[in-house]
Every structure is written in structure tokens, then in C-alpha cells.
Amino acid sequence: MEVEGVTELPAEANPLTEGLLIHALQAGLSGDNQQLITSKQQLEQWQTKPGYYLHLALVFANRRVQNDVRLQAIIQLKNGTERHWRKMTRSAISDDDKNQIRGGLLQATINEPNKQLASFAAVVLSKIARYDFPTKWPEVITQLIEAIRNFSGPQYQGALPYQLSRTFLVLLNVIKEVVQTRIGPGRVRLKSFTTELLVLMGSSYFAAFQPDTIRSLLATTDQWPILEATLEQSLFSIKIIRKLSVGLMDRPKDDDTFTEFWYKSLSLCQEALQIAVSNTNGMEAESPVALLLRKNLCQIAKIHVALAKNNPTDFALLQTDQYEVVRLHWHIMSLLGQKYASSAGYPPVTQVTGSVNDYDESKQNLIDKLGHQSLLLLRACVKMVSLPGRGLKYRSEEQKLQDEETMAKLKDTVFTNDAVRELVSHIISEIFLFQPEDMREWEDEPDEWEKREELSGEDYEFAPRPCAEKLLLDLAIHFKDVAIPQILQMLHTVTASGYSSLLQKEAVYNAIGITAPVLDQHLQFKELVQSNLIPEVQIQNPEYKVIRRRIALLVGQWSTIQEAEGVRPIYYQIFQFLLNKDDPINDQVVRVAAGRELGRAVDAWQYDANEFLPYADDLLTRLMALVEEVELPETKMNLLSTISIIVERLDEKISPHAKRIVEMLPQLWEQAGDVHLMKQTILGLLSRLFRSMKEQGASYHALVLPLIRDTVTPGSELSVILMEDSLELWHTVVQQTPTPSTPADLNPDLISLIQYLIPLLEHDSEYLEKTLEILEAYTTLAPSVILSNDVYPKILAAFLPKLGTMQSTQSGYITNAIEHILNAAFALGGTNAIGDLVQQMLHQKFFDAIIGGLKEAWEAHQTTGPRAIHTKIQGIIETDYLSLIARIAWASPQMLVSALENCETATILPDKMPNPDNLQGVAATMHWFLQEWLSHTEDVHDPGRRKLITMALTRILDLPQPYMLPNMQSLINVWTNVIVELTDGNEDTSVDYLVVKPPTEPNIVEEYPPNSADERRRRQLADLDPVFTVNLIELVRSCLTSFVERCGGNEGFQANVLDNVDKDVIQAFGKLGIM
């Protein structure tokens, strides 16, 4: 196709035409960076243009265009349908374009010879169907059904070979997408097609998947292309049946069409399996015919498994009297076991077929795949007979009784005692056996093999052996009376004197480890360790390395299950022996397994540091050497995780070994490169290390601070991934840094990191809380630095935009940090230091924001009903604001008044403030300000803050101006309520309970010593906090006495104050005995 000539113009200047669109898509495939950028910009600009997505569909449908350009077009269309297909989205596609896209794309996909392009287009059609079926595109299912009938029927001779396949492909994708919507009209409408689709797919499947036809076509390789097309048709059919039966049908057994398919497909599956394993015309394992045959059989098995998991009662009721489905899968599982046993060189438990050693790779793969599905089905059966009727669906009493009877019959018929013993034997004696490829990979790629084995337990849905391990544990739990004696009998056999089958012994030991939670009451593991494991671990035979590795795993598994006196030192000695590199049998796999399992043993509940200490130095030395030896990052991380657990468990006792650990980590950091999980592990280990070493960690700052700087530097690539872990380490380092004798003694590198706090404080990220914790830790460690003109103004500037815009908890973090700074300043420099901070708060408009918020709260509290003003400054947020004001007022009431005079926001009075006395200036400000302050005090629930606010209000009485005089009734009421609360339960009611008395004896041992230097500093700061040093009762008495004198003595106080106060308020206050 000729492409229109394109002039290089700005993206917005190019009109949208099919030719220019093709050109832009071609440019996107270019290796030239400039063309890629231009193409991206042009396509992004066209996305908002009407008709863009219709043009993409037309480009895809145009087979004269190169396939790679068409592929880009369908990918762009897919992205567009996900973002802009629904009307509520920006740049939504018009209804007319949608109609053309739906019809044109469906026909183009059915007629598309390229399988890759057809697959992408089918996905796009399925997304569209999810949005538009059945409301906007009700005919899609009908159209596809009709197309399949036409392409399959003898009357339609003009169909191309691939058209039927493409139609199946689209139908499968549409059904898959609609079924995924758990609710909605599409799912409901699709249900109405279930019977028709099942009939159509069943007839298509049975027509294509005929054992006689398969046998005939397999016999001649020339016929394999025909067989491939036939098997592809049957595969699509069975996949659609699976999606319908599992995803849509509530009770499959009640559907006659599905029931007919169930029984008929079972016999076909048995015949096809026999054909597949007996075929003598060798096929390559990944040849199309082999893959399709394997997938067909696996789809039948997956239907069996899905029904057993999701509808266990239906599965059981669909069984024949002979339980053919379960017995078929039992047979396949036995075939899998025979394959594993034969490969390992052992006789099978049950000889279900001739020698499987002669099977080609295709047959071996088939047995593996089907065998795994069979294990999944048997596991589902074990659960259904052990836990009948599980699930959240409502069941009537009749259904419950039917469930119990059905499951009881299945259990009595299939899971007899002999059958359970046989199943346990199959699993342990066959499927657990190491295969020759295991041993080859052990030697060739030890790191990769150990990593895969470690993660295998999570892969039970995808691999036979991990699934068999889960099945064995289920049998041990639900059939313990039969399974456990069988396991113990097998253990007795392999531990008997003279037994020499190492792989069988390894398999039994594996079973002992897997079932440890169940065997706990039936096996004394310490006796097994002493009688068998210790002698076996010392055998100098290269073949015994599999036993050594298994012993390491076994000890790790049982160390968390069973405890016996004196057993832990034995465990540590075993790990010490297995980590010895000088022993040639302890190859890397053995030592890595031992290193990983050591962490489990040390992390056990029964751990005792004193028992571990004698072995700590040697074990850590060998672990660190192993970390440097292995190459795989995941293996290094596992070993570092063990070291991290040891560090945490030893706590302060790790100090003698800390230097070696810390010195090793920077080199590992460099080696990690772009493996960020590795760096994450290193940061986590360092955090634990510094937490354990406490103040002794200060000597390692030079090694650790550069790592923190690399991550928290603005613009660093590491900050995106490692910021959380770096902040945790940073916080720990600052917390554990000892208090310096003078500010000059602080590590300058640690102080220089403060500059990176400010950018973090400016952003509303998930790291803000941790950043504020670091700021508070710095405030107690280096208050003079935080209070300096270089730092404090920047902190205020970073916090200012956040005031009043955040949730109460987030706002509280900010105001608490400023209050902490004020408290530290008062302890460091008294009133003068507070004055300097208040000046900075005024300069940065931070004080204005606080006063503005309180004014907004006052105005809101003056309104009620529908016209009420709503404000964020209420509740805990207002308490936080007033706590800051209280800190300033406590330091100097006159300083607060001066700040209000110089605060631009405070000088502008509220519009609705009544002012009958024509108050001006700060007197008018204090009028509404004290009203709001006093009214909110009753809403403060924290006793410490309530006392602080009350103390500050009391200090207002010391001012020469009578600002408090109009509010004396409220103040007296606050005094009464707060003092009653703070003396409730006290034997001595003359002192409030928040006052902390100094220790009566010098050098007294603290009952709860601080966990860090930061906690010690915080306690010292709290010892100076007036909330804990000033007795509120004495403060009220003192300030009130002075105020009475300034009022002209008792007579003047009576006339000017008490005569204007409610008698009940005076009486309640008088009971306190203060005056």
C-alpha cells in the first residue's frame, strides 16, 4: 500500500489520516530515537481526536499493511479500549465508531491468517464484549455460535482452514472475559446461552477428539497436520466447556448436557491416554501434535480438579459406583510414581504399566502434567471427605445430609485404610525421590538448584513434588490414624542398621520434616537426632551429601515444633559441622541449606541466647564466608537474613561480632548493583544491627552513613525503591547515637544528613511519618542544630502548606514535631530560646496559619443549622494547635500577646465578632481568642495536654491587662474540672497525679531501662517538662492570689469577678480548698 508523503510538522499540525497513522506506527518501530519520540508524541496527540481508534481498527484490518505495523495498531487499540471505551472516560469513543470497530474487527479477526495478530485482536474483542455485552452488543455470542456452525457444517465448503479456529479463539476469549465479571448483566445473559454452547462445544469436541481418528492419524507422520487441526478444534471446545462449567454453573450435576459430556469424555480420556502412552511413532516433546494432545488431556483433568475444588458435592454425585474419575487419577498418580521411581533406579510401589524408562520425552512430559493434575484432584478429594460441606454457600438441611452421605460413601469406597497406606507409600517412596536431573543440576548450578528447592513449597499448584508434599500433610492431618503409623514404619525401616538406600532415606526424612506438626506427639525427635542423625551426618561418603542437606532441613523444621532439654546445643553443633567448608562433603548446596535453616532454629520460640553464645562466633564466621562465596543474589539474601535473625536474637551480645558484619556489608552493597532486593536486605540487617548494638554502633557511622546518603539524596535512583528501608536505618542510627558532651562532639556526617530531611518533609508521601520521627530524634540529639537559623526556618516553610490540609493524624505529626522542638528549646535556652522560635514562626507565617485556623474554628462555632460553617480545624487538630500556643504562653504570656500583635492574621478581626465594648487591637483579638481557647478545653481528652492548656490559661492571669476578666467563669469552671480529674484516686489531693516526684535514692536502678539513647534523652526532656514538674493546684493558687491582689483585694475581686460568676461554679471551685 502506498503511504502518503509526510511532511515533518509539529504533532498537533498533522491531520489524522490512515496513511499518516501508518507512517507514525512505522516510525514507532524504528531504531532511531528521534523517530520514536516523534511517533509517541504524534500518537498521544491523536488519541483525543475523533476517529483515532476507528482508524487503528482499519489499519489492523488492512492486510496490505506490514504485520508489525498491524500489530502496533491492535496493541494501541487494546490500550484505547481499556482507557476510553466507556463513555464516562475522557476522550471517549463515539457510538458510531464503536459500532464500526465491533463489526469490522470481528470479521477481520475471523479472517486473519496470522495467529499472533488474531490472538491480540481476540483479546481486544473480549474487552469490548465485557463492556458492551449484552447492552450494546447483544448479538456477539449468537454471531459466533452461528459462525462456528457454518464453518463446521458440510454446507460451507468455502471456509479457509483457519477461520473455524479463529472463531473458536474469539468465543473463548469473550467467554473468559465475561465470566470474570462476578456480577452484571453480561454474566446473567451469558448464562442463558450455557446449554446451547455446551451442546455445540460438546458435539464439536466429540467430533474432533475421536480415539480411533487420533490413533489412525498418529500412525503416519504425513497425517500429523490434519491431526494438529483436529486437536486444536477439540482443545478450543474443551476450554470453552471448562470456562462454562466451572465459571458459570452453580450445580453442574443438575445440567443434563454437562452430565452427558462428563461421562462420555471420561471414556474418551481413558482411551486417549492409552493411545498417547503406547504410541510407538516418536514425537518431539514440544512438537505441535504432542503439545495439543497433552493439552487436551490436561484440560479434561483440569475440569475434574476444578469441579472437585469448587463443587465437591457435585463432583462426588457425578461419580459412578466404581468412582472411575477418582480411580483414573489414582492410576495416573501411580504412573507418575512409577516414572519417578524408575528414573531414580528403584522399583515402584505398584507396577501399573511396563517399563517407563523407554518412554520418549513427549510421554514423560505428559505423565508429569497429568500426574500433577491427579495429585491436585486427590488432594481436593481428601479435603472434601474430611471437611464435607465447607464453604459459605447456604445449604438446606436436606443438602447437608446429602453432602454427608455422599462424602461418607466416597471416603468408605476410595479412601480405605489400605488405600491411604498405599497413597502415602506412593508419595514418599516414589514422588519424593530425587531424580537424575536433580543431581545433575545440584552439581552444575548449585545456587539455582538450591533456590528452586527452597521456593518449591510455594509451587504446589504448578509442580508435582510440592503438590505431593501438600497432599502428604493433608493425609497426616485428616487420616492420622492410618498415615502416621505408615510414616513411622517407613522411618523405622530406613533408620534400621544396614539400610543403604540413600535416596529412599532422604525421601522419608523429607516426609518427617513435612509432617512435623502432626508427628509432634508421636515421635521424640531428640532421640532420632542422637541415635541416627548425628552418626549419619558424620559419615565420610560423597553420596551422603543428600542426607546432610536433608538433616539440615529436618533440624530447622523440628526446631520450631518440639523442644527437649539440652537439644538446642546439639542443633547448633550440627549446623556448625555442616557449615564447615573444609569437609569436602559439605558442598555449597549443603552449606547454603544449613545456613538458611540455622535462621529458623535461632528464631524459634524456645531460643536461649546463653545456649547459642558458645557457637555464635564460629557460626557467624562461616556464614559470612559463605555469603561472599555464593553468587546468586537470592542466596546471599537468605544467608543475610539468617545473620539478621542472629543479630536480633543476640541483641547487645552481638557487639563483639559487629565489626566484621558491618565491614562486610559495604562491599556487598557495591556487588549488588541493580539488585535492589539485595540492598533492601542489607539495610534491614544494618537496622537490626544498630538496634542491637545500641550506643556502641556509633563507631560504625563512617561505614553506614554513605549508604543512607546514597539513597535519600534527592533525585537518587535508589530513593524510589529503598527509601523506606533507608529511613528506618537512618532513624535507628540517630536513635542509638549516644548523647555528646558538647554539640561539637557530634559526628559532622550525621549532622550533614539533616539537609536531606527538608525535601522529604516538603512532600506528602508515605514516608512523611518516618521522616518526622527522624526529625524528632535529631531534636533530642542535636537541639542546637535543629533550632538554628539554617534549619528551623526551612522546617517551618516545609510544614506551612500542610497545615489545615491534611487528616487529623497527619496534621498531628507536624504539630507534634513543632511542639517537641519548642519543648526542647525551652529546656535548652528557656524563654529566650522560645522567643527566637516564635520570631521565626512569625517570619515564616507559620504562626499566622495557626491563628488563622483557630479563627476559622471560632467562626464555625458561632454558626448552627443549615448555614453552619464547616471547618477542618476541630477536635484533635484544634487541640494540637492550642498545645503549640500553650507552650508559648507558658514560657511567657507577654510573648504570646506580642506575637498576636505582630501577627497579620490576628489583627484582622472575625466578621461576626460582637464587640459592644468597641475593643481595639490585641484586646479585641484576645476577646475571641480566649473564648475559643476556653471553650475547646472541655473537648481535650488527653490529660497531659489538658493540663498544659489549663496551665497556659492560668498564666494569662499574670498579664497586667485584664484580658481574662470577662472569661473568669469559664476559667474557674476549667480549673474545677481539670483539677478534679487530675486528683481523682490520689491519696494526696494537694498534688495532681501527673507530677513526677524525683527519686528519693541516688543511683536507683530503673525498673524499665530505656531501649535507646533517644529514649533516654526523651525521658530527660520529660523530666523538665512543666506538665510533669509543675503542680497545677499550686500554680492556680499562686496566680489567683496575685490576680486577687491586683483586683484590689478580696472586696475588689468579689465585686469585679465573683459577682459575675454563677454561684454553683464558685461553690464547686470552693470545694477544692484552693482559696
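1. Basis. This is a predicted model, in which local features need pLDDT of at least 70 and side-chain atom pairs count only at pLDDT 80 or more, while totals for chains, interfaces and linings use all residues. Residues are numbered from 1 along each chain as its sequence is written, and side-chain values use heavy atoms, with hydrogens and water left out.

2. Overall dimensions. The radius of gyration of the protein is 39 Å, whereas a compact globule of 1075 residues would have one near 31 Å. This radius is taken over C-alpha atoms, and the globule rule is 2.2 Å times the number of residues to the power 0.38. Along the principal axes, the C-alpha atoms fill a box of roughly 120 × 80 × 70 Å.

3. Secondary structure and contacts. The protein has 53 helices and 0 strands; helices (H or I, at least four residues) and strands (E, at least two) are DSSP runs, numbered from the N terminus. Of the contacts between residues at least 6 apart in sequence, 75% join residues at least 24 apart, where contact means heavy atoms within 4.5 Å.

4. Charge. There are 97 positive and 138 negative side chains, and the centres of the two sets lie 5 Å apart. Lys and Arg count as positive and Asp and Glu as negative, while His and the chain ends are not counted. The place of a charge is taken as NZ of Lys, CZ of Arg, CG of Asp or CD of Glu.

5. Burial and core. Buried residues make up 54% of the 1075 residues; buried means under 20% relative accessible area, exposed over 50%, and partly exposed in between (1.4 Å probe, protein chains only). The largest nonpolar core has 362 residues, and those with the most contacts inside it are Ile643, Trp730, Tyr778, Phe847 and Trp933. Such a core is a set of buried Ala, Val, Leu, Ile, Met, Phe, Trp, Tyr and Cys residues joined through side-chain atoms within 4.5 Å. Beyond four places in sequence, the residues that Trp933 touches include Leu882, Ile885, Leu896 and Ile956.

6. Isoleucine 661. This residue is in helix α32 and counts as buried because its relative accessibility is 0%. Leaving out residues up to four places away, Ile661 touches Leu620, Met624, Ile643, Val647, Ile654, Leu685 and Leu689. Ile661 and Val420 are 241 residues apart in sequence and 50 Å apart in space, C-alpha to C-alpha.

7. Not counting residues up to four places away, Glu450 touches Arg549, Val589, Val592, Ala593 and Arg596. His731 is in helix α35 (residues 719-736) and is buried at 8% relative accessibility. Apart from neighbours within four places, His731 is in contact with Lys770, Glu773, Ile774 and Ala777.

8. Backbone points to check. Phe133 and Pro134 are joined by a cis peptide bond, with omega about 5 degrees; Pro134 is in the loop between α6 (115-132) and α7 (140-152). Tyr323, not a glycine, has a positive phi of about 50 degrees and lies in the loop between α15 (312-317) and α16 (324-344). Asp651, also not a glycine, has a positive phi of about 55 degrees and is in the loop between α31 (633-650) and α32 (655-672). Tyr323 counts as buried at 3% relative accessibility, whereas Asp651 is partly exposed at 33%.
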